[in-house]
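Hi everyone, thanks for coming.

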2 protein chains.
Amino acid sequence: MGLLDYFRSSRPKGSANVAKERLQILVAHDRTQRGRPSYLPKLQQEILEVIRKYVEVDMNAVSVKYEQEDSHEVLELNIVLPDTAEGRI
Amino acid sequence: MGLLDYFRSSRPKGSANVAKERLQILVAHDRTQRGRPSYLPKLQQEILEVIRKYVEVDMNAVSVKYEQEDSHEVLELNIVLPDTAEGRI
């Protein structure tokens, strides 16, 4: 399955007629050394800061998921951008 | 399909016995206004800079894929981290 298919399938049902400007960021980490603390939560904040340089982000429109299993961890950020969002650059 | 399943299925075949420290970053953008230039290429550089604060990244071990279709674009960064990578924080 291609990436575009994955993101298409993960889009909320019923949203086909309501086009929304949307950003989805996934960070997956395969770790060989489990003892170390994860830096994904810190990355999350910094990535959001980078994105806010380019588009307006309403922090209430950001949803965060974090999954961890054995030596794999995945961070998912879903951001619904305002309809009137103007690029800042 | 869950996220962890997706990343598991996208892992290179035959890598099961060779544990590698690996980071995968996906940025998907659903755009409502197509006329505007994409900022994903710029995000890519900045996200890499953020990651390099936490782990050593050999730029030769970074592979980048970019897919675009209609109003969707996806940026994928695959980073193989050095086995001896020490977290910087």
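Predicted model: local features only at pLDDT ≥ 70, side-chain atom pairs only at ≥ 80, totals over all residues.

Let's begin with helix 2 of chain A, residues 40-54. How far apart are its end C-alpha atoms? They are 21 Å apart, and that agrees with the 21 Å that 15 residues should span at 1.5 Å a residue. Several residues of this helix are buried, including A:L40, A:L43, A:I47, A:L48 and A:Y54. What covers them? Within chain A, the cover includes strand 1 (22-30), strand 2 (62-69) and strand 3 (72-80). Chain B contributes too, with its own strand 1 (22-30) and helix 2 (40-54).

That brings us to strand 1 of chain B, where nine of nine residues are buried. Both of its faces are covered: B:L23, B:I25, B:V27 and B:H29 sit on one side, while B:R22, B:Q24, B:L26, B:A28 and B:D30 sit on the other. Now for its partners. Nine bridges link it, antiparallel, to strand 1 of chain A, and there B:I25 has A:V27 opposite it. Another nine bridges join strand 1 of chain B to strand 3 of chain B, also antiparallel, with B:D30 standing opposite B:H72.

Last stop: A:R31, in the loop between strand 1 and helix 2 of chain A. Is this arginine buried or exposed? Its relative accessible area is 9%, and buried means under 20%, so A:R31 counts as buried. Leaving aside neighbours within four places in sequence, its contacts include A:R36, A:Q68, A:E73 and, from the other chain, B:E21.

Technical notes:
Residues numbered from 1 in each chain as written. Chains lettered and ligands numbered in written order. Heavy atoms only, no water. Helix = DSSP H or I, 4+ residues; strand = E, 2+ residues; numbered from the N terminus. Expected span 1.5 Å × (residues − 1). Buried < 20%, exposed > 50% of the residue type's maximum accessible area, 1.4 Å probe, protein only. Contact = heavy atoms within 4.5 Å. Pairing = 2+ DSSP bridges.
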